[in-house]
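Here are a few notes to read with the model open beside you. Take them one at a time and find each spot as you go.

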Amino acid sequence: MSILVLISLSLFGCGEYSPSKHDVVNTLGTIKNLDLLEKFTEDVSNNKDSEVRVVNYTDEGDPVIHDLKYSDEKLSSKIDTRFDEFGDHGVIEDTCKSIEIIEKSDQTIYQLSGCEVYKEGLPITIIPSD
């Protein structure tokens with residue numbers, strides 16, 4: 001095994017991931033780049049091709065990466081839990097019909113609905129109210 005592969009495996013196994021400046025990042029309720037998710041939601045509503053990556057950090061500090069893509073009237077979701085030490089260490093793909101924004105007194109939930117795999121809805125990210 002090459003040194004590069006070993007370094008990659010060791011970084012991958014430790015939950016190391018560095019979000020890009022173009023990712024929506026939710027670190028235990030502290031949100032960066034929410035405007036990118038809002039724009040994606042608007043693009044889907046307007047039937048405009050778009051994509052966004054949402055990175056939600058667990059209580060333990062591990063990233064769960066959620067890639068969303070809207071193209072040709074198809075809303076695709078891919079959740080990568082391979083960096084989450086306590087997750088299932090896999091990738092789950094789904095196709096959904098729409099995005100809902102659910103306002104509650106203590107939080108706002110961005111959620112996919114009409115999904116093939118997650119029939120009861122799939123949260124994208126949850127933002128606590130101030």
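1. Start with leucine 28, which sits in the loop between β1 (24-27) and β2 (30-32). This is a predicted model, and here leucine 28 has a phi near 50 degrees, a positive value in a residue that isn't glycine. Is leucine 28 buried or exposed? Its relative accessible area is 54%, and the cut-off for exposed is over 50%, so leucine 28 counts as exposed.

2. Now hop along to asparagine 47, in the loop between α2 (34-45) and β3 (50-57). Asparagine 47 isn't a glycine, yet its phi is positive too, at about 55 degrees. With 40% relative accessibility, asparagine 47 is classed as partly exposed.

3. Next, have a look at the open sheet built from three strands, ordered β7-β8-β9 with antiparallel pairing. From one strand to the next, the twist averages 15 degrees.

4. Zoom in on one pair: β7 and β8 (residues 107-113) are joined in the antiparallel sense over six bridges.

5. Last, a word on confidence. The protein chain has a mean pLDDT of 89, and 88% of its residues reach 70 or more. Over residues 1-15, though, the pLDDT is below 50, and this stretch makes seven contacts in the model beyond near neighbours in sequence.

Technical notes
Residues are numbered from 1 along each chain as its sequence is written. This is a predicted model: local features need pLDDT of at least 70, side-chain atom pairs count only at pLDDT 80 or more; totals for chains, interfaces and linings use all residues. Side-chain values use heavy atoms; hydrogens and water are left out. Two strands pair if DSSP finds at least two bridges between them. Helices (H or I, at least four residues) and strands (E, at least two) are DSSP runs, numbered from the N terminus. Axes are lines fitted to C-alpha atoms, for helices over the stretch in contact, and angles run from 0 to 180 degrees between N-to-C directions. pLDDT is the predictor's confidence in each residue, from 0 to 100. Contact means heavy atoms within 4.5 Å. Buried means under 20% relative accessible area, exposed over 50%, partly exposed in between (1.4 Å probe, protein chains only).
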